[in-house]
Amino acid sequence: MLEERESEEEFQKIKSYFKTLNDAHRAIEKAHKQIELLAPIRDKSIRLTKLKVDLIQKESFKQTAPLWFAKKQETLILEFMASINEQRQEKEGKLEILTNEVEELDHNRVKLDVQIESDEVGRHIRDLEKDNKRFEQEKSDREKELSFYNQLAENLGFQPSPQSRELFDDQRKLALDKKNKTAGILEQNEEELFQTRKESEEAKTKFDNVSNELVILRSQKNNITGHPARIRSEILESIGATEKEIPFVGELLKVREEAREWEQAIERLLHNFALRLIVPEEYYQKVNQYVKEHDLRGRIIYHKFNKKEVASRIFQQQDEKELINKLDFKTCEYTEWIKNEVSSKFNYLCVDDLDSFRLAEKAITQEGLTKNATRHEKDDRPEVRSRQQYVLGWDNKEKVTVLKEEAAHLNDKINKIDNRLKVIKAHQTRVRREAEDLTRFIDFKVFKKIDWWSLSAEIQKNKLKIEELEKTNDRVNALKKQREEIVRTIKTKQEVIRHLEKEINQIDSKLDIQQQKLREAREVIDRYADFETSEKIAAFEEHFTTKIESEIESIEKIRSKIIGEINQDIERLRDDIRKIESAAEGLMRLFKNPDKEIAEKFSDWNSDTHRLSDSAEFIEEYVALLEKIEKEELAQYKQQFKKYLNEEMITKMSDFQTWLERQEEDIEENIETLNKSLEKINFNSNPPTFIKLHVEKDYSPKVKDFTFRLNEWKPNLAEFERSKDDRILEESFKKIRSLLDNLTEDENLRKEVLDVRNWLKFKAVAHHREDPTKVFRSYTGTAKLSGGEGAQLTYTILGSAIAYQFGIHSEGLNTNSFRFICVDEAFSKQDDEKAQFLMELCKQLHLQVMVVSPAKAEEVAIVEPYIARVHFVQRKDNRHSVVYDMPIKQLQAQRDEYLQSVV
């Protein structure tokens with residue numbers, strides 16, 4: 001009637017239905033997470049596409065620029081040449097007129113010279129003037145040489161303007177000695193510069209290596225980089241395995257904290273072993289095939305791993321100094337294998353004293369000296385001892401820190417070397433300039449080359465002689481004045497002629513230059529003859545038209561400026577592309593190998609990503625995957641989720657709720673049916689009463705919360721169909737998941753709230769038979785009742801329930817239903833009235849009763865009117881029992897005979 005239902009079984013069914021829904025929801029979550037990780041990659045792809053389009057445009061501009069400028073230059077040159085030729089013809093006309101005038105004036109000057117020459121005094125004056133003119137020219141040359149000499153002397157710290165041959169020769173000898181010394185300094189300087197450059201290149205190479213290693217370490221957790229890491233990555237990408245499945249040995253062991261003083265020695269000893277791969281049997285054949293068919297461009301060692309062949313290390317005695325006791329091992333399926341390898345092949349004793357070292361078969365010291373039988377080894381190469389070479393451990397934070405410090409140290413070193421290079425180069429430049437000055441200074445071999453003072457004296461002497469001669473001859477003076485006037489006019493006109501000739505030469509030079517440029521421009525144009533360039537030219541003009549001035553003087557400058565800007569733009573775009581590709585590759589790696597939380601939540605993540613490459617050239621594959629998820633898969637997953645929720649989960653949850661509510665209704669109906677049986681039973685005789693069971697809803701806080709959530713999860717499907725808001729279904733799913741999770745996690749809560757009997761409160765009420773509306777007494781339990789009262793109440797309710805359970809009706813004895821009960825020690829704690837009530841109750845309910853009781857006369861007297869047969873048990877000799885089976889009438893007859901015989 002109130003038996004416990006199979007609620008646990010129903011709950012597990014609901015969970016199994018929910019699993020399908022949860023899988024569909026997880027597919028949606030996975031799709032959203034993939035979109036979240038792929039969206040930034042698409043953004044990078046869009047940015048890359050734009051940059052590449054810009055780069056193509058700029059490269060097109062770079063290709064088109066020479067042609068455009070060549071055509072532009074051709075037009076401008078032709079216009080310029082036409083204009084400047086007109087100017088040249090004008091200047092040539094002026095030059096011809098002036099030349100004729102000068103020739104006529106010079107003819108007159110010659111006549112005057114002849115007249116002057118015919119005079120003896122005049123001839124002497126003319127000779128002196130010729131000498132002075134020659135001296136003036138030579139004096140000017142010597143002054144120029146002296147000016148150059150003085151400049152060198154000041155640069156070299158010598159005395160300028162030496163007015164004696166002795167001082168001149170002494171300074172030249174000093175310069176020779178200094179030049180010899182300078183040659184040695186330059187040779188030494190060149191060697192120092194070579195060594196410093198070599199040191200700089202080595203430091204920069206180390207810095208680049210450290211920087212590259214830092215980039216790799218930041219993208220992983222272990223300490224292994226270089227060729228082994230690259231080779232493993234290529235293998236994993238090819239066969240679809242993970243780093244966890246095919247690890248390096250070094251990723252799974254490290255030196256213990258308390259043994260850090262041995263770290264350097266152990267790292268050197270286990271270095272090669274740590275770089276070996278462990279390949280499980282399932283991937284062994286694929287790895288063999290890949291290694292056989294590919295050029296690894298490096299060296300790799302791997303071990304085949306079969307878990308069944310790995311024996312646990314039990315009952316193995318170890319010396320506490322053994323190497324294995326200074327190591328920690330990462331817990332995984334390979335741990336025992338690694339321990340066995342270390343124990344068997346690297347069973348070195350870690351010792352500090354040479355006596356222990358000498359006696360051991362295998363030993364190692366903290367300094368790295370190893371002994372293996374008769375073989376001894378110690379490797380102190382700096383590159384081996386460096387922490388950069390450490391490969392043990394599953395956390396690379398320490399190595400990253402060390403490499404950062406090393407990078408900072410190398411950067412400082414590079415800066416210092418660069419500063420030293422600048423100093424050396426500056427010193428070298430200064431010494432070379434000094435050497436060049438010394439060479440030029442030494443080239444002044446004779447004092448006469450700079451001695452203008454003696455010539456100045458000769459000129460002055462000749463001038464005095466000319467003045468004395470002129471005072472004695474008036475005719476010559478008059479002729480000379482005429483001549484001087486003609487000479488001045490000639491000089492003036494010659495100056496104009498020279499200016500015109502210079503301008504014509506300049507025009508010719510410009511024409512030559514422009515002719516050459518015209519040829520070069522046409523050569524450029526000819527190179528583009530076979531190409532269709534009209535569209536590119538138009539695009540170039542449209543882009544640069546505001547920046548270009550149509551002036552021949554500035555076209556070269558503008559050409560250099562624009563081509564320079566184009567080249568800068570190309571370099572900037574390429575740099576931006578490299579940066580974005582690098583960032584994109586980081587995002588691609590993050591998508592392909594997500595963090596632990598994502599990998600654990602979506603165990604099938606790798607099935608979508610293992611074939612993807614993390615190279616930026618394959619970024620469109622990620623974009624295609626994103627578009628497929630957004631346009632196809634996500635909608636499909638949502639449709640499946642909606643279908644499972646609408647067609648499966650809502651129905652099953654509603655059925656489950658109905659099932660529980662039906663139990664509640666059944667209990668109330670059963671209680672009502674039971675009350676009909678109880679109404680026929682006299683509970684008290686005076687006053688006559690009967691028992692009626694009352695049931696009320698009495699939800700505990702837990703049950704109340706459960707029933708509320710059991711109703712509250714339902715989605716508003718009408719609102720969903722109207723708005724298509726996925727949050728409505730999502731909210732319903734979360735409520736179902738939360739409810740099922742709470743019930744799954746708390747077994748006691750589940751048992752309490754799924755047992756519908758806990759939803760109700762029961763009490764027994766005794767009503768007056770004469771007036772059932774009046775209550776005689778209420779019973780909420782038996783704690784406050786006497787033993788007999790409690791038993792009476794229990795018998796009444798239990799008996800009625802049994803009658804209901806056995807399907808006994810009013811016809812009683814005529815029914816064929818099973819209605820047997822057994823009452824043991826029924827009257828041990830009851831008075832005769834309550835015992836009599838029990839027997840009457842059983843009779844009224846038509847129950848078949850077996851009463852088990854000691855052979856006490858008072859108890860037999862109570863049950864005798866109600867029983868049909870007796871099974872009497874007698875113990876004989878305290879060894880065995882005998883059962884006497886007889887009808888009640890036979891017992892009564894034999895008892896009467898016995899009593900009569902006694903009387």
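In the predicted model, K304 counts as partly exposed, at 43% relative accessibility. Its salt-bridge partner is E281, with the closest N and O atoms 4.0 Å apart. Because E281 belongs to helix α6 and K304 to strand β3, the pair ties together parts that are 23 residues apart in sequence. E281 is likewise partly exposed, at 42% relative accessibility.

The structure holds 42 salt bridges in total. One of them joins the side chains of R420 and E199 at 2.7 Å, N to O. This pair links distant parts of the chain, with R420 in helix α10 (residues 397-442) and E199 in helix α3 (residues 165-218), 221 residues apart. R420 has a relative accessibility of 35% and counts as partly exposed; E199, with a relative accessible area of 28%, is also partly exposed. A further salt bridge is formed by E234 and R297, whose closest N and O atoms are 2.9 Å apart. E234 lies in helix α4 (residues 226-239) and R297 in the loop between α6 (281-293) and β3, so this bridge ties together parts 63 residues apart in sequence.

The largest nonpolar core comprises 92 residues, and F540, F591 and F706 have the most contacts inside it. Helix α1 (residues 7-117) supplies the largest share of this core, 25 residues. Apart from this core lies another, of 44 residues, including L269, V279, W337 and F346. W337 is among the buried residues of helix α7 (residues 335-345), as are I338 and V342. The buried residues of α7 pack against β1 (253-255), α5 (263-274), β2 (277-280), β3 (302-305) and β4 (327-329).

Notes
Residues are numbered from 1 along each chain as its sequence is written. This is a predicted model: local features need pLDDT of at least 70, side-chain atom pairs count only at pLDDT 80 or more; totals for chains, interfaces and linings use all residues. Side-chain values use heavy atoms; hydrogens and water are left out. A nonpolar core is a set of buried Ala, Val, Leu, Ile, Met, Phe, Trp, Tyr and Cys residues joined through side-chain atoms within 4.5 Å. Buried means under 20% relative accessible area, exposed over 50%, partly exposed in between (1.4 Å probe, protein chains only). Helices (H or I, at least four residues) and strands (E, at least two) are DSSP runs, numbered from the N terminus. Contact means heavy atoms within 4.5 Å.
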